[in-house]
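I am opening a notebook on a structure that is new to me. I want to record what I looked up, entry by entry.

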Amino acid sequence: MNYQAAKEYILKRLKEELSDQLYYHGIHHTLDVLAVTEELCTAESVKERERVLLRTAALYHDCGFLVSNQEHERRGCEIAQEVLPTLGYDEQAINQICGMIMATKIPQSPQTLLEEIICDADLDYLGREDFYPIGNTLFEELKAFKVLSDEESWNRIQVNFLENHHFFTATNITRRSPQKAVYLEELKKIVEGYKKN
């Protein structure tokens, strides 16, 4: 598996071809997910071959946005299935990578530890100090694509999302869930304020 070539190929495409309206799903998000994936691999004692698969999945998990913002996970798998065989990834490795990419589809549905790791890496910010600024980039992106337009709708979506989301790995349950719970309570108070108007 030529991981370095797989990385260079997809980062070049993400840099050059992604819509500039992807304020959240830009290359910065992919690199963030890759960095958190590395942290979780170490914390969860993942072996080297699986680390390479996870790193590759992290790099390709949102590359479907190169094609469309609809069903981007499936489209990302199609890109991986097209590119990775030329870089020494066998069918089993590609199937595992696609499993990880598809697991990140909301609602997340990981079936293996590797899938749990990428799911937690993908939404790691929900329990981090940069929750609000990163969330705001997602709000701006959703507005740009005319998915929603006002802050009240956005905050209601966030409350619903945080109530239904949970981390999967022991690492993120410990290090991210407590802070996520704080944000949920803060947002609930904001949303309760809307009802009184």
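Entry on α6. I began with what lies over this helix, and I found that the cover of its buried residues includes α2, α3, α5 and α9 (170–175), where cover is counted by contact, meaning heavy atoms within 4.5 Å. Buried here stands for under 20% relative accessible area, exposed for over 50%, and partly exposed for what is in between, with a 1.4 Å probe and protein chains only. Helices (H or I, at least four residues) and strands (E, at least two) are DSSP runs numbered from the N terminus. By these terms eight of the ten residues of α6 are buried, so the helix is mostly covered; among the buried ones are Leu-114, Ile-117, Cys-119 and Asp-122.

Entry on the source. I noted that this is a predicted model, in which local features need pLDDT of at least 70 and side-chain atom pairs count only at pLDDT 80 or more, while totals for chains, interfaces and linings use all residues. Residues are numbered from 1 along each chain as its sequence is written, and side-chain values use heavy atoms, with hydrogens and water left out.

Entry on the cores. I looked for nonpolar cores, each a set of buried Ala, Val, Leu, Ile, Met, Phe, Trp, Tyr and Cys residues joined through side-chain atoms within 4.5 Å. The largest has 40 residues, and Ile-10, Leu-54, Tyr-60, Leu-84 and Tyr-89 have the most contacts inside it. Two or more residues come from each of α1 (3–17), α2 (27–43), α3 (48–60), α4 (72–83), α5 (91–103) and α6, with α3 giving the most, seven residues. Leaving out residues up to four places away in sequence, I listed the neighbours that Tyr-60 touches, including Ala-6, Ile-10, Ile-79, Leu-84 and Ile-101. Apart from this core lies another, of 19 residues, among them Tyr-24, Tyr-125, Leu-162 and Phe-167.

Entry on Asp-124. I placed this residue in the loop between α6 (113–122) and α7 (131–144), and its relative accessibility of 0% counts as buried. Its side chain makes a polar contact with that of Arg-128 at 2.8 Å; such a contact is a pair of N or O atoms within 3.5 Å, where within protein one must be able to donate a hydrogen and the other to accept it, and residues adjacent in sequence count only if both atoms are side-chain atoms. Beyond four places in sequence, Asp-124 is in contact with Val-36, Phe-167, Asn-172, Arg-175 and Arg-176.

Entry on cysteines. Taking a disulfide as a pair of cysteine sulfur atoms within 2.5 Å, I counted zero disulfides. Cys-77 is in none, the nearest cysteine sulfur being that of Cys-98, 3.3 Å away.
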